Amino acid sequence: MNRGKFIAFEGGDGSGKSTILEMIYDYLVSNGVKCIKTREPGGIKISEDIRSIILDTKNTEMDRKTEALLYAAARRQHLVEKVIPELNKGTIVLCDRFIYSSLAYQGYARGIDIEEISQINKFAVGEYMPDLNVLFDVSPEVGLSRINKNKDREVNRLDLEKIDFHKKVMEGYYKLVEENNDKFAIINAEKSIDEVFNEVKEIIINFIK
Ligand code: TYD
């Protein structure tokens with residue numbers, strides 16, 4: 001059986017990627033595509049437990065390297081327990097965030113050396129890189145205003161970072177796109193939900209056929 005395709009959704013906070021991921025998943029399933037949706041950090045019990053430690057707003061003393069290692073640990077377990085077995089069954093795996101989140105957030109935004117973040121993540125994922133990363137491009141101002149409007153969304157430790165942090169995240173993503181151009185599709189995520197959905201849908205349909 002052919003290996004499935006591994007597609008990561010990337011972007012800053014409030015970029016709308018999680019909403020669009022749900023819509024794409026529903027669309028693919030209703031069109032008979034074998035597909036799962038999952039998220040990072042999380043996706044399975046151990047990684048969801050790690051997630052609650054990382055994102056707990058009370059954990060203000062967390063060191064940035066500890067944070068980076070916890071994301072990588074959650075990534076490893078999720079990959080081994082869920083993503084790889086599904087890819088081996090030929091499934092399309094839609095994952096809300098993956099390795100480029102660590103490079104953008106822990107590397108460019110927190111200021112840890114990119115090589116070091118790369119190394120701990122290589123240790124965690126081995127050869128399993130996403131086949132495609134869809135980057136939801138939204139200015140931090142728009143992203144944060146969306147988060148603030150959405151009263152149902154639980155505020156996490158990274159949401160509490162100042163706008164400068166979120167600017168560095170996006171600048172980091174742009175650098176990563178420059179260096180890994182063939183691995184990214186970039187979407188202007190400031191458009192309406194319907195427009196963004198249609199664009200992402202076209203990209204994914206073409207990619208998996
Ligand atoms: P989440 O509520 O899932 O945010 P979003 O809906 O924006 O994806 O929280 C995940 C947070 O963790 C988000 O602020 C990005 C951050 N993160 C990292 O800093 N590094 C990582 O490797 C990953 C996967 C996420």
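On a 1 Å grid over the protein atoms alone, a pocket is an open set of points with protein on both sides within 12 Å along at least five of seven lines, whereas a cavity is a set of points where a 1.4 Å probe fits but cannot get out; lining residues have an atom within 4 Å of a point. Grid points are joined across faces, edges and corners, and a volume is the space filled by probe spheres set on the points. The structure is a predicted model, in which local features need pLDDT of at least 70 and side-chain atom pairs count only at pLDDT 80 or more, while totals for chains, interfaces and linings use all residues. Residues are numbered from 1 along each chain as its sequence is written, and side-chain values use heavy atoms, with hydrogens and water left out.

The largest pocket holds about 1,100 Å³ of space. Its lining comprises 37 residues, and Ser-18, Arg-39, Arg-51, Arg-153 and Asn-156 lie nearest its centre. Helix 1 gives the most to this lining, with five residues; helices (H or I, at least four residues) and strands (E, at least two) are DSSP runs, numbered from the N terminus. By class, the lining has eight nonpolar, 14 polar and 15 charged residues. Here Ala, Val, Leu, Ile, Met, Phe, Trp, Tyr, Cys and Pro count as nonpolar, Asp, Glu, Lys and Arg as charged, and the others, Gly among them, as polar.

The second largest pocket has about 250 Å³ of space. Of its 14 lining residues, Tyr-100, Leu-103, Ser-118, Lys-122 and Met-129 lie nearest the centre. Helix 5 (114–125) provides the largest share of this lining, four residues.

The structure also holds one cavity of 30 Å³ or more, and the largest cavity has a volume of about 40 Å³. Among the residues that line it are Asp-13, Pro-140 and His-166. Helix 7 gives the most to the lining of this cavity, with three residues.

Asp-96 is placed in strand 3 (residues 92–96). At 12% relative accessibility, Asp-96 counts as buried, a term that means under 20% relative accessible area (1.4 Å probe, protein chains only). Leaving aside neighbours within four places in sequence, Asp-96 is in contact (heavy atoms within 4.5 Å) with residues including Lys-17, Ser-18 and Arg-39.

In helix 8, the buried residues are Val-196, Phe-197, Val-200, Lys-201 and Ile-204. Seen down the helix axis, these residues fall within an arc of 130°, so they line one face of helix 8; the arc is that of the directions from the helix axis to the C-beta atoms. They pack against strand 1 (6–11), helix 1 (17–30), strand 4 (132–137) and strand 5 (184–188).

How values were computed
Buried < 20%, exposed > 50% of the residue type's maximum accessible area, 1.4 Å probe, protein only.
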